[in-house]
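User: I have a chain here and would like to go through it step by step. Can you take my questions one at a time?

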Amino acid sequence: RNARLVYAAPGAKVANQANIIAQFTLNQKPVTILVAHPASPILPSHLTWLQESFRTWEAARGKLGQNLVVVGDLNTSPWSVEFKDLTRQTGLRDSQLGYGVQPSWPMLLPIIGIRNTPTLLTNLFAIPIDHVLVSGNILVFARKTGPFVGSDHLPVTVEIGMRPGVNPNQPERSTAIRSNTSLKPNTSKNN
């Protein structure tokens, strides 16, 4: 519900880089998802467009809601200055943290006809540029890259949930647990 197509910024600074913003409910709480694919920084002008996209998201962070997920081919590694600035300025967390480096691009060897490429060979040349960033209220239960599906990118799968009893002005004291139906606080006395 409430999905809309927006552009990273009005004007000529960004080369028509469209984003999709949608809202959904997770455990009875509103969540905004920003699906994005900024310019690949293959030329200085493209790097400027990527940086402008990130700055626009940073400036719009307050309008995107407390519970935010940013997902897409962000065309930058988690080690880049731009990525580090984006996570610092928005307060978003890289879902890859705690799951090791998960390269997602380029997956060209299967495309050019080399099948069953050893993972080690692929990982030596691939980098993680497909990201899922989450706000502090959103928990990441699992994250992985999927199998080759015919693209030069591997799919990224993330299992998320919402912290129970979220109050942005108070540290979280309850422990979230995963359930088939909902997240519930751990109410044991040892908490």
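Analyst: A salt bridge is a side-chain nitrogen of Lys or Arg within 4 Å of a carboxyl oxygen of Asp or Glu. This is a predicted model: local features need pLDDT of at least 70, side-chain atom pairs count only at pLDDT 80 or more, and totals for chains, interfaces and linings use all residues. Residues are numbered from 1 along each chain as its sequence is written, and side-chain values use heavy atoms, leaving out hydrogens and water.

User: In which helix do Arg88 and Asp85 lie?

Analyst: Helices are DSSP runs of H or I with at least four residues, and strands are runs of E with at least two; both are numbered from the N terminus. Arg88 and Asp85 are 3 residues apart, so about one helical turn separates them. An α-helix has 3.6 residues a turn, so residues three or four places apart point the same way. The helix of Arg88 and Asp85 is H2.

User: Is Glu52 buried or exposed?

Analyst: Buried means under 20% relative accessible area, exposed over 50%, and partly exposed in between (1.4 Å probe, protein chains only). The relative accessible area of Glu52 is 15%. Because its value is under the 20% cut-off, Glu52 is buried.

User: Where on helix H2 do its buried residues fall?

Analyst: The buried residues of H2 (residues 81–90) are Glu82, Phe83, Leu86, Thr87 and Thr90. Seen down the axis, they fall within an arc of 130° (taken from the directions from the helix axis to the C-beta atoms). So they line one face of the helix.

User: Which exposed residues does the face of H2 turned away from its buried side carry?

Analyst: Arg88 counts as exposed, at 55% relative accessibility. Its salt-bridge partner Asp85 is partly exposed, at 28%. The face turned away from the buried side carries Val81 and Arg88.

User: What do the buried residues of H2 pack against?

Analyst: Contact means heavy atoms within 4.5 Å. Glu82 and Phe83 are among the buried residues of H2. Those buried residues pack against helix H1 (44–60), S5 and strand S6 (130–134).
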